[in-house]
Amino acid sequence: MSLFLPDPNRPANPRRRWTIAVILVLALGAALSAKPLYQKFKQKRAGSLLEEGLVFQRDGQLDLAYQRGRAVVDLMPENMAAYRLVAQVLTQQKKPEALGYWGRIVTSKEAMENDYLAILDIGFQMNYMDIVEKYLGEALQKFPDSKDLLKRASLYFSAKNDLDRSVYFAQKYLLRAPGDEDMRLLMSRQLLTLGQPQNVAVARTNLLQLAGNSTLLALPSIEILTRFSDLSHSEMEMMVARLTSLGSQDPKFELLARQLDVRLHPEKRSAIFAETMERAKGGTLREFAEGAKWLFQQSAFAEVLQLVGQRATENKELFLIYADSLAGLGRWKDLEKALMQPDLPLEKFFQELYLGRVALELGRKGEADRHWKDAYSLAQASPNALQYYAEYCEKIGRIADSESAYRTLSQKQQTAKYGLLNLLRLAEAEGDLKNIRMLLKEYEGKFPNETAVKNDLNYIDLLTGNNVEAAKSQAETLFNQYPSVFAFRTTLALGYLKKREVQKATDLYKGLTLDWMTLLPGWQAVYVSVLGSSSVTNESSAGQLASLINTNRLKTSEFELIKPWLPKNVQAGK
């Protein structure tokens, strides 16, 4: 008989059985209730910590607020309120780690409009345009009527120099926020840059409205309006009255009013110029320079020379106004003499650059080339000088010299992006896809995290029929990561077209409502090609849309995509 094991011959004890059963039931109940109790404890603890964190945040004790929020995140990883507190604190501290927390929030079911606004603003502030690009489209899909998102969309496309789409979103935004004068002025500038008659007319109306009603933006609006050659007398009189009523001591106001006065009373032109010269002579050096600059802007070159005269060498600004006036009168030999003065208030780089221009105008090409070479050599020591050299060369048509300077800039760490982007712009203007691809590969090597460049490379490869399989595969990866980015959708559609997978290309556009004005001409071309290639689409629809594309802005390969659906008289256009 064992001292520990039960005796098999002993009769069963009912009371003992009931005791064991009760113990088992109680144990099971305790086990089942422990988890909910622990969850309640965690929730209560998390709520308490979160409240403390919010109080610390309100009181400006950000480190303590961060600690409380981080503790809640660790305790309850699904608590988006805690993520939001941590993200807000890190944003206030201007730390890039905030992006990760906001990213977690906007990918959750609890994402709100303000969460998207926060991550977009940080992306702008820290120049993480990939982040902005990634979430902007998604945010607009979820909150299409948000005026704040529409404003950020306009600013984003402005930063990307995509003025068509920037204006499109600005117009939608201003319908909801008509009192935002800064955005109205920005949109007006962009419309003028785009330059089409209907754009110029809208810009003019907006600028006249700002000139007549705005306090802060009247001056810049009037400055722009004075460039219009067809202003009516009543419009100019309104602007003069407005400048007078603002009563600013800023000499710019007075000079603008004087400029309008010249146009209103052309018979007083000489008298107004003479008065300007007298006032400039009696003013400070700053007022003297402003008067000379104003006369130059009125093409009063002879008056500038008379005013500045012996004072041209007092500072760089005065000398440049003087030199430009000599150039305006075609007095190249006098300008050469001025540039050879021993007390010139001009860096040697600028002296060589302008002597090169003078020699060019005087037909001394060999001498001009030597000066340009010396200017280029001197510019190497300063990125700013090299940028000026590149832009100046481009302005006067010396594109090869400009490209050399941009190439040098692309090889310096601090100016690599500026140099490569300008080389790409010049290559785009030339339409050299091989050179564009080479530059994109170089750009990708230096800035590997920019997904837009990876997409551009895939797009170029697909257009030219190079590495089609690899480019299509990479396009699928990018699209799956960022389905809201239309550029990635377009590249993948082109990949499917190249592989004759027309149905897959068609499916990419299924259910989408396309706003034609927001699409780049190349994107429009791909869409038309997909539409025309689909067996279920009426070809006339493709033809109608193809006729709306500005073919002058298409690459040759893009033009080929839509050629079958263009009228015969247009098919030979590229």
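Analyst: What follows begins with confidence, turns to the pocket, and then moves on to other sites.

The model is predicted. Its average pLDDT is 87, and 90% of the residues score at least 70. Residues 1–5 stay under 50 in pLDDT, and for this segment the model has one contact beyond four places in sequence.

The second largest pocket holds about 470 Å³ of space. Its lining comprises 14 residues, and those nearest the centre are D324, Y354, Y388, Y392 and K395. Four helices each supply at least two residues of the lining: helix 17 (316–328), helix 18 (332–339), helix 19 (348–361) and helix 21 (383–395). In composition, the lining has 10 nonpolar residues and four charged ones, with no polar residue.

The salt bridges come next. The count for the model is 40. One of them joins the side chains of E78 and R104, with 3.2 Å from N to O. This pair links distant parts of the chain, 26 residues apart: E78 lies in the loop between helix 2 (62–75) and helix 3 (80–92), while R104 lies in helix 4 (residues 98–106). E78 has a relative accessible area of 57%, so the residue is exposed. R104, at 25%, counts as partly exposed.

A second salt bridge is formed by the side chains of R311 and E314, where N and O are 2.7 Å apart. Here R311 is partly exposed, with a relative accessible area of 26%. E314 is also partly exposed, with a value of 43%.

K441 is partly exposed at 40%. Elsewhere, salt bridges that share partners join E469, K472, K499, E501 and K504 into one network.

Y156 is found in helix 7 (residues 147–159). Its relative accessibility is 4%, so Y156 counts as buried. Leaving out residues up to four places away in sequence, Y156 touches F124, M129, V132, E133 and L136. The C-alpha atoms of Y156 and F169 are separated by 10.0 Å, and the two residues are 13 residues apart along the chain.

T226 sits in a loop, the one between helix 11 (218–225) and helix 12 (233–246). Apart from its neighbours within four places in sequence, T226 is in contact with L231, L256, Q259, L260 and R263.

S529 lies in helix 29 (residues 521–533). With a relative accessible area of 5%, S529 is buried. When residues up to four places away in sequence are not counted, S529 touches L497, L561 and W565.

Most residues other than glycine have a negative phi. K94, which is not a glycine, has a positive phi of about 55°. K94 lies in the loop between helix 3 and helix 4. The relative accessible area of K94 is 70%, so this residue is exposed. N467 is not a glycine either, and has a positive phi of about 50°. The loop that holds N467 runs between helix 25 (451–464) and helix 26 (468–481). N467 is partly exposed, with a relative accessible area of 46%.

To return to the pocket: its lining draws at least two residues from each of helices 17, 18, 19 and 21, and its residues divide into 10 nonpolar, no polar and four charged.

Technical notes:
Residues are numbered from 1 along each chain as its sequence is written. This is a predicted model: local features need pLDDT of at least 70, side-chain atom pairs count only at pLDDT 80 or more; totals for chains, interfaces and linings use all residues. Side-chain values use heavy atoms; hydrogens and water are left out. pLDDT is the predictor's confidence in each residue, from 0 to 100. Contact means heavy atoms within 4.5 Å. On a 1 Å grid over the protein atoms alone, a cavity is a set of points where a 1.4 Å probe fits but cannot get out, and a pocket is an open set with protein on both sides within 12 Å along at least five of seven lines; lining residues have an atom within 4 Å of a point. Grid points are joined across faces, edges and corners, and a volume is the space filled by probe spheres set on the points. Ala, Val, Leu, Ile, Met, Phe, Trp, Tyr, Cys and Pro count as nonpolar, Asp, Glu, Lys and Arg as charged, and the others, Gly among them, as polar. A salt bridge is a side-chain nitrogen of Lys or Arg within 4 Å of a carboxyl oxygen of Asp or Glu. Buried means under 20% relative accessible area, exposed over 50%, partly exposed in between (1.4 Å probe, protein chains only).
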